[in-house]
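Please consider the following protein chain and its fold. The paragraphs below move from single residues in loops to helices, a strand and the aromatic side chains, and close with the confidence of the prediction.

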Amino acid sequence: MTTTTQPVSPAGQGADVVHVLGPDPDGGQRVSMSGRQLFGDMRRVPDRMEAVVAAVDAVAHPRGRILPTAVIADPALARAVLTRPTGFRQGRGVAALALTFGEGLLTSSGDLHRRQRRLVQPAFHARRLAAYALDAVQLAAARSAQWHDGQQLDIAADMSSLTLEVVGRTLFGTDVADEVAVVSSATHALLEEFPKLLSPVGMLTARGPTPLRRRMRRQIARLDGVVERVVAARQASGDTGDVVSMLLAARDDETGAGMPDRQVRDEVLTLLLAGHETTAVALTWAWFELARNPHARAELDAELASPCGVEALDAAAWDGLPVTRAVVAETLRLHPPAYILGRRPIEDVTLDGYTFRKGMAVIMSPYALHRDERSWGPDAAEFRPSRWVGPDGRYDESAPGQPRGAYLPFGAGSRMCIGAGFAVMEGVLLLARLARDWSVEIDPGFEPDMRPAVTLRPGPMPARSVAR
């Protein structure tokens with residue numbers, strides 16, 4: 001039987017139609033869209049993934065042999081792949097990221113990844129998060145004081161600079177406000193190059209003496225300068241218990257040697273970029289959704305004006321703001337910054353009757369899984385934060401009734417984002433503190449210029465601040 005689905009495509013382009021062609025010998029279904037079509041235009045990848053996932057029951061195999069691909073549409077199977085301890089390694093996208101990040105937590109693997117994760121993990125323990133939360137509220141209050149009624153904002157740029165300041169203060173114990181422009185422009189330039197790196201030819205080009213490599217090296221050198229200043233500041237002030245101090249104090253169990261300078265650089269750069277970029281993207285989408293959903297905004301306002309909400313925010317107790325947490329969760333559902341996850345089998349792997357051949361690209365799209373009506377119901381496309389609040393008024397991640405694996409904003413398994421708790425805390429408190437003072441208006445006809453690359457970036461988002 002042939003199935004089709006026709007989602008709305010970005011930028012006014014025609015809808016993508018996906019036909020199921022029949023069963024695949026390895027399990028799952030062959031579909032009419034080819035791997036080249038699926039990944040040929042990065043701006044259309046999220047919606048094309050949504051179309052493919054909606055068309056099949058469990059696994060889709062796009063046409064073509066140049067890029068053998070399996071797209072997973074079943075939440076349980078997606079989770080099984082992500083949590084499987086053996087048989088898979090990270091996908092091609094991570095290899096591309098390694099050109100910038102080196103061997104940091106995001107891109108390293110094996111023993112190195114396990115060792116570095118154990119080392120950095122204490123920085124994200126609950127006790128430390130409570131201290132970081134106070135800093136987040138203070139920085140949000142300072143940013144609120146800088147806005148004025150009717151001010152024209154690029155809310156995307158504003159959230160990026162704010163989250164960068166939070167990461168600098170909390171994880172690095174350093175004021176990086178003066179570095180915002182450098183980090184922002186260098187990151188933007190590198191993300192513009194990222195789609196070129198997703199093909200084998202692009203990777204070879206980036207590694208050779210080419211204009212692409214020279215452009216990338218210039219931006220990486222700018223970021224390295226920021227990292228060097230952050231590390232130098234910590235070396236001068238001594239151990240203050242922050243992440244950089246942990247990295248500098250680390251010693252090899254066998255030799256007693258300190259961590260190599262290059263490894264310190266890789267970890268600091270990873271936390272600097274990944275630590276602020278994803279939260280900034282999520283907050284930008286949150287403001288966008290609140291601006292066009294008055295009912296959700298009214299529910300948020302009611303919480304922030306209530307005695308319990310005022311007390312929780314003043315105490316930086318993000319767990320005491322269930323509606324704000326629900327707004328963040330619903331934003332991460334519809335607009336997950338990590339919109340696509342890839343794995344590559346290092347051997348033939350069979351899970352639940354589906355075989356994934358060595359070397360193929362195994363793709364899971366949180367963007368598509370989060371919008372699938374089979375998991376989220378007929379209102380899956382709607383922004384409805386109340387779905388995350390239980391009958392007792394508390395935030396509950398299981399409240400929507402979605403199957404396990406249908407909600408993957410931070411991945412799953414041993415490679416789940418180490419800063420997931422930090423990101424939620426930061427997102428909830430920054431949004432709550434700013435929203436207590438301000439509404440953000442966005443023109444009703446405005447459509448974000450989707451720029452999916454490493455994250456689901458919306459591009460510049462013109463807005464106006466309105467005092468409450």
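Ala316 is buried, as its relative accessible area is 6% (buried means under 20% relative accessible area, exposed over 50% and partly exposed in between, with a 1.4 Å probe and protein chains only). This residue is found in the loop between α14 (307–314) and α15 (322–334); helices (H or I, at least four residues) and strands (E, at least two) are DSSP runs, numbered from the N terminus. Although Ala316 is not a glycine, its phi is positive, at about 60°. Most residues other than glycine have a negative phi. Asp352 also has a positive phi, of about 50°, without being a glycine. Its place is the loop between β8 (349–351) and β9 (354–356), and Asp352 counts as exposed because its relative accessibility is 62%.

The model under discussion is predicted, so local features need pLDDT of at least 70 and side-chain atom pairs count only at pLDDT 80 or more, whereas totals for chains, interfaces and linings use all residues. Residues are numbered from 1 along each chain as its sequence is written, and side-chain values use heavy atoms, with hydrogens and water left out.

Another loop residue is Gln151, between α6 (126–146) and β6 (152–154). Its relative accessibility is 17%, and Gln151 therefore counts as buried. Not counting residues up to four places away in sequence, Gln151 touches Gln146, Ala463, Arg464 and Ser465, where contact means heavy atoms within 4.5 Å.

Helix α8 can be followed in more detail. Helix α8 covers residues 180–193, 14 residues in number, and reaches 20 Å from its first C-alpha to its last, close to the 20 Å expected at 1.5 Å a residue; the expected span is 1.5 Å times one less than the number of residues. Which residues of α8 are buried? They are Val180, Val183, Ala186, Thr187, Leu190, Leu191 and Glu193. These residues lie on the same side of α8 because they cover an arc of only 165° around the axis, the arc being that of the directions from the helix axis to the C-beta atoms. The partners against which the buried residues of α8 pack are α4 (92–101), α7 (155–171), α10 (211–237), α12 (261–292) and β13 (456–457).

Within helix α8, Ala186 has 0% relative accessibility and so counts as buried. Leaving aside neighbours within four places in sequence, Ala186 is in contact with Gln219, Arg222 and Leu223. Between Ala186 and Leu321 there are 135 residues of sequence separation and 35 Å in space, C-alpha to C-alpha.

Helix α10 holds Ser237. With a relative accessible area of 46%, Ser237 is partly exposed. Its C-alpha atom is separated by 29 Å from that of Ala420, 183 residues apart along the chain.

The buried residues of helix α3 (residues 75–83) are Pro75, Leu77, Ala78, Val81 and Leu82. Seen down the axis, they fall within an arc of 165°, so they line one face of α3. Three of these residues, Leu77, Ala78 and Val81, are touched by Ile72, whose other contacts beyond four places in sequence include Val53, Ala58, Phe356 and Met364. Ile72 is found in strand β4 (residues 69–72) and counts as buried because its relative accessibility is 0%.

What of the aromatic side chains? A search of the whole structure finds nine aromatic pairs; rings of Phe, Tyr and Trp (its six-membered ring) pair if their centres lie within 6.5 Å, and planes under 30 degrees apart count as stacked, over 60 as edge-to-face and the rest as tilted. The pair of Trp388 and Tyr395 is stacked, because the ring centres are 6.3 Å apart and the planes are at 20°. Trp388 is buried, with a relative accessible area of 0%, and Tyr395 is buried at 18%. One aromatic cluster is formed by Trp376, Trp388, Tyr395 and Tyr407. Over the face of Trp376 lies Arg333, at 5.2 Å from the ring centre; a charge sits over a ring if NZ of Lys or CZ of Arg is within 6 Å of the ring centre and within 35 degrees of the ring normal.

Finally, the mean pLDDT of the protein is 89, and 96% of its residues reach 70 or more, pLDDT being the predictor's confidence in each residue, from 0 to 100. Over residues 1–14 pLDDT stays under 50, and the model has 37 contacts beyond four places in sequence for them. Where pLDDT is low, the predicted coordinates should not be read in detail.
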